[in-house]
Amino acid sequence: WKAAIDEATKSLEALDRLDSPSPAGKGVDDKREGSGGARSSDPNNRNHLDGHLHKPTAAEATKDDRGVVELADDEVNEAEALEKIEKDDRRKDDIRRIRAKALMRRAKARSEKGGWGELQGALEDYQSLSPLSSILSPSDKKIVNTALRNLPAQIAVAKEKEMGEMMGKLKELGNGILKPFGLSTDSFKFEKDDKTGGYSIGMNG
């Protein structure tokens with residue numbers, strides 16, 4: 001299962017590089033802010049001093065924040081601009097589908113491998129898959145929903161088990177240290193704090 005987890009992780013890292021978010025705050029407003037809100041003297045600025053609206057070129061044809069396509073009225077091949085936008089949308093859809101498959105593979109492998117850390121990672125993967133439910137198959141949706149319901153309890157059990165094992169190892173180590181002094185960990189009492197999950201140590205009376 002470790003190999004499956006590693007391969008899925010590599011795929012997700014590669015997808016993150018392909019679909020990294022563009023830097024925020026870049027645009028025409030940045031130019032205006034640099035001059036205290038004054039109009040820019042840049043001839044490429046959309047708002048010329050003479051009040052005429054600059055028409056975007058083919059390279060500038062894009063989508064606004066509402067997903068509306070803005071195209072120039074002249075000197076632009078609308079078909080090519082639209083085709084480019086459609087290709088970009090298809091690319092993003094492909095990346096989302098591949099990311100969903102990689103997340104599903106890693107979540108399943110982590111669940112099968114088990115252990116506190118891996119189960120926690122599986123829960124996080126399934127939580128990431130939840131917003132992608134529109135592109136998941138019905139069987140995968142069922143797996144995600146079931147995992148989101150069941151994993152928290154499984155994580156709690158795994159955590160308790162690993163904490164108990166850790167305390168057992170610490171007890172063995174403590175006995176080795178205390179033995180020369182005629183003591184053992186049985187001379188002390190370990191009390192668990194149910195609120196924090198931690199332990200306190202005191203001498204047996």
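Me: How many of the residues count as buried?

Reply: The model is a predicted one. Of the 205 residues of the protein, 21% count as buried.

Me: What secondary structure elements are there, and in which order do they run?

Reply: The protein has 5 helices and 4 strands. Starting at the N terminus, their order is α-α-β-β-α-α-α-β-β.

Me: What share of the contacts comes from residues 24 or more positions apart?

Reply: Among contacts in the protein with a separation of 6 or more, 44% are between residues 24 or more positions apart.

Me: Now the helix packing. At what angle do α3 and α4 cross?

Reply: Helix α3 covers residues 78-113 and helix α4 covers residues 116-129; their axes cross at roughly 155° and come within 8 Å. The angle is over 145 degrees, so α3 is roughly antiparallel to α4.

Me: Is that crossing left-handed or right-handed?

Reply: The crossing of α3 with α4 is left-handed.

Me: Which residues meet there?

Reply: On the α3 side they include Leu103, Met104, Arg106, Ala107 and Arg110. On the α4 side, Glu118, Leu119, Ala122, Asp125 and Tyr126 are among them. By class, the contact of α3 with α4 has 8 nonpolar, 3 polar and 6 charged residues.

Me: Charged residues are listed there. What does Arg110 pair with?

Reply: Arg110 forms a salt bridge with Glu118, at 3.7 Å from N to O. Arg110 also forms a salt bridge with Asp125, where the closest N and O atoms are 3.0 Å apart. This second pair links distant parts of the chain, as Asp125 lies in helix α4 and Arg110 in helix α3, 15 residues apart.

Me: Are Asp125 and Arg110 buried or exposed?

Reply: Both Asp125 and Arg110 are buried. Arg110 has 15% relative accessibility, and buried means under 20%, so Arg110 falls in that class. Glu118, at 21% relative accessibility, counts as partly exposed.

Me: Which residues do the shared partners join into one network?

Reply: The network consists of Arg106, Arg110, Lys113, Glu118 and Asp125, joined by salt bridges that share partners.

Me: And how many salt bridges does the structure hold?

Reply: The structure holds 7 salt bridges. One of them joins the side chains of Lys2 and Asp6, at 3.0 Å from N to O.

Me: Where do Lys2 and Asp6 lie?

Reply: Both are in helix α1, which spans residues 2-18, and they are 4 residues apart, about one turn of the helix. Lys2 counts as exposed, at 52% relative accessibility. Asp6 counts as partly exposed, at 32%.

Me: Back to packing. How do α4 and α5 pack?

Reply: The axes of α4 and helix α5 (residues 138-178) are 8 Å apart, at an angle of about 160°. The two helices are therefore roughly antiparallel to each other, and their crossing is left-handed.

Me: Which residues meet in that contact, and how do they divide by class?

Reply: In α4 they include Trp116, Leu119, Leu123 and Tyr126, while α5 contributes, among others, Ile143, Val144, Leu148, Leu151 and Ile155. The contact of α4 with α5 has 14 nonpolar, 3 polar and 2 charged residues.

Conventions: Residues numbered from 1 in each chain as written. Predicted model: local features only at pLDDT ≥ 70, side-chain atom pairs only at ≥ 80, totals over all residues. Heavy atoms only, no water. Axes fitted to C-alpha atoms, helices over the stretch in contact; angles between N-to-C directions. Parallel < 35°, antiparallel > 145°, perpendicular 65-115°, else oblique. Left-handed = near helix turned anticlockwise from the far one by under 90°. Contact = heavy atoms within 4.5 Å. Nonpolar A, V, L, I, M, F, W, Y, C, P; charged D, E, K, R; others polar. Salt bridge = Lys/Arg side-chain N within 4 Å of Asp/Glu carboxyl O. Buried < 20%, exposed > 50% of the residue type's maximum accessible area, 1.4 Å probe, protein only.
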